[in-house]
Amino acid sequence: MKLDKFTIKSQEAIQAAQQLAMDRGHQAISDAHIMEGILEVDDQVLPFLLKKLGANLDPIRTAVRAHIESLPRVEGGQQYLSREAND
């Protein structure tokens, strides 16, 4: 993945997702990590968009965090984007 093709905020979200995965001992960086990275980096755009759609952010955030916590932990190995996140 070429990060230089992304906006600054997108780069920050992907880096936050990578750090979250590393902190949790996850080898694969999943779409849930990226979603949490987006929520962490920009706490204004996504809540605004979800509000426009009539969605409540709190249950979404809770579900994303619960999914991240359910992922298997590994020691060692190189991090990579999961197939879903890469798509």
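The stops below follow the salt bridges.

This is a predicted model, so local features need pLDDT of at least 70 and side-chain atom pairs count only at pLDDT 80 or more, while totals for chains, interfaces and linings use all residues. Residues are numbered from 1 along each chain as its sequence is written, and side-chain values use heavy atoms, with hydrogens and water left out.

How many salt bridges does the structure hold? It holds five. A salt bridge here is a side-chain nitrogen of Lys or Arg within 4 Å of a carboxyl oxygen of Asp or Glu.

**Stop 1.** Select glutamate 36 and arginine 65. Their closest N and O atoms are 3.2 Å apart, in a salt bridge. Glutamate 36 lies in helix α2 (residues 31-41) and arginine 65 in helix α4 (residues 57-70), so the pair ties together parts 29 residues apart in sequence. Helices are DSSP runs (H or I, at least four residues), numbered from the N terminus. Glutamate 36 is buried, at 9% relative accessible area. Arginine 65 is partly exposed, at 42%. Buried means under 20% relative accessible area, exposed over 50%, partly exposed in between (1.4 Å probe, protein chains only).

**Stop 2.** Select glutamate 69 and arginine 73. This salt bridge has its closest N and O atoms 3.2 Å apart. Glutamate 69 is partly exposed, at 40% relative accessible area. Arg24, Glu69 and Arg73 are linked in a network of salt bridges.

**Stop 3.** Select arginine 83 and glutamate 84. Their side chains meet in a salt bridge, 3.6 Å from N to O. Arginine 83 is exposed, at 63% relative accessible area. Glutamate 84 is partly exposed, at 45%.

Terms used:
Helices (H or I, at least four residues) and strands (E, at least two) are DSSP runs, numbered from the N terminus.
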